[in-house]
Amino acid sequence: MTQPIINLTRGMPPPEVFPTEDLIECAEAVLRRDSDVLLQYGRSPGYVPLRQWLGQQYGVGPEQVLIGNSSMEIFAFITQTLLQPGDRAFIESPSYDRSITLLRRAGAQVVGIPLEEDGPDLTALEDELKQGAPVLIYVITDFHNPTGITTSLEKRRRLAALAEEYGFWIAEDAPYRALRYKGQDVPTLWSLAPERVLHMSSFSKVLAPGLRLGYVVGPAEMIATLAQWAVDTYIGPVFPTQGMVYEYCRRGLLEPNIERLKEVYRPRLQATFSALEKHLPQATWTRPEGGFYVGVTLPEGIEMVSLLARAGQAGLKLSDGRGFFPNSSNGDRFLRIPFCSVTPEEIAEGVSRLARIL
Ligand SMILES: Cc1ncc(COP(=O)(O)O)c(C=O)c1O
């Protein structure tokens, strides 16, 4: 009998956590109430009631909030409006592979800043700054993808100060921030330098990725620039899903949903730690307090190509760690374990298969 495949590649919520019935009700209610607006071309950067609601969460007006079809799309707009070919752009190494791609697509000269247990290596960052300030640095400050690392308050303060001193933008990508399973929140970079930070987030991880609903909070002039870019690209983002999500938030359903998700994901994170301790004592790994990922560094002598091939034969799907590094050879021993979309039993089995292969 062939064993079931265990997929440790996708950073997505499992379908059983989607609050489908509530979303159906919210969609119907909001369409009945506001179809004239929701079914028309939206000439504002987002459904105004949702921009207002989001603004309230951050203590700003709607002019400081832009909504788009996913935070990835917003980051694409940011790279297209801010970067000229050849401009320097910094990014943590490793980082979210799609963000590396978007920076490269905009023609940026992408510089990787090594990531330490408490955030980017600031000595390396300052050395790079001496060689030339970037137009922007992209950081995932909370429960980083792919490592799960959270940047310390001390490092956030220094990053904010450097952005002000050298005049670069910080794109702070925070889709996992609300999913903290233990410990205390750290203030956002945006709260430390609101004139220099574009704070992006999304409903993908706290509600459902298929909604394709992301947003950015930033200075009003920059939001206006992005809004014009969006109008010139597609007039306006999709509105009916925004209406649905607004209704969901207005009814006070988002917070309890996040609490429910934490109850599902917390034991999965714990199961990942237990499996690594039991089966892979020769490796090292990060100790996230939330989010979707644990980053594992495998022992010396591992070759990613043969590891992936052998994992495939053992019924284990893994992401190629090299894809997360601006300089891919740095990722030869790196694996991302996305623990949310698999059960604790699947995690244990997946890590035990990995140990057998190693
Ligand atoms: C750091 C980071 N940013 C953005 C995204 C994508 O968010 P969205 O679905 O809003 O495009 C992901 C998804 O994995 C992510 O890990």
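Okay, let's start with a definition: two strands pair if DSSP finds at least two bridges between them. Helices (H or I, at least four residues) and strands (E, at least two) are DSSP runs, numbered from the N terminus.

Before going on, this is a predicted model, so to speak: local features need pLDDT of at least 70, side-chain atom pairs count only at pLDDT 80 or more, and totals for chains, interfaces and linings use all residues. Residues are numbered from 1 along each chain as its sequence is written.

Now, the pairing I had in mind. Strand E11, residues 293-297, runs antiparallel to E13, and the two share 5 bridges. Across that pair, Val296 sits opposite Leu335 in E13. Both strands belong to an open sheet of 3 strands, in the order E10-E11-E13, with antiparallel pairing. At the edges you'll find E10 (284-285) and E13 (334-338), each pairing on one side only.

Let's zoom out to the whole chain. We have 12 helices and 13 strands in the protein chain. Its radius of gyration (taken over C-alpha atoms) is 21 Å, close to the 21 Å that the globule rule gives for 358 residues, so the chain is as compact as a globular protein of that length. That rule, by the way, is 2.2 Å times the number of residues to the power 0.38. Along the principal axes, the C-alpha atoms fill a box of roughly 60 × 55 × 35 Å. And 47% of the 358 residues are buried, meaning 20 or more other C-beta atoms, placed from the backbone, lie within 10 Å of the residue's own.

How is the chain divided? Into domain 1 (6-18 + 255-357) and domain 2 (20-250), with bounds from an automatic or database domain assignment. Their C-alpha centres lie 25 Å apart. Where they touch, 29 residues of domain 1 are in contact (C-beta atoms, placed from the backbone, within 7 Å) with 28 residues of domain 2. On the domain 1 side, the elements giving two or more residues are helix H10 (254-279), E11 and E13. H10 gives the most, with 7 residues. That side divides into 15 nonpolar, 10 polar and 4 charged residues.

Notes
Two residues are in contact if their C-beta atoms, placed from the backbone, lie within 7 Å. Ala, Val, Leu, Ile, Met, Phe, Trp, Tyr, Cys and Pro count as nonpolar, Asp, Glu, Lys and Arg as charged, and the others, Gly among them, as polar. A residue is buried if 20 or more other C-beta atoms lie within 10 Å of its own, exposed if 12 or fewer, and partly exposed in between; C-beta atoms are placed from the backbone.
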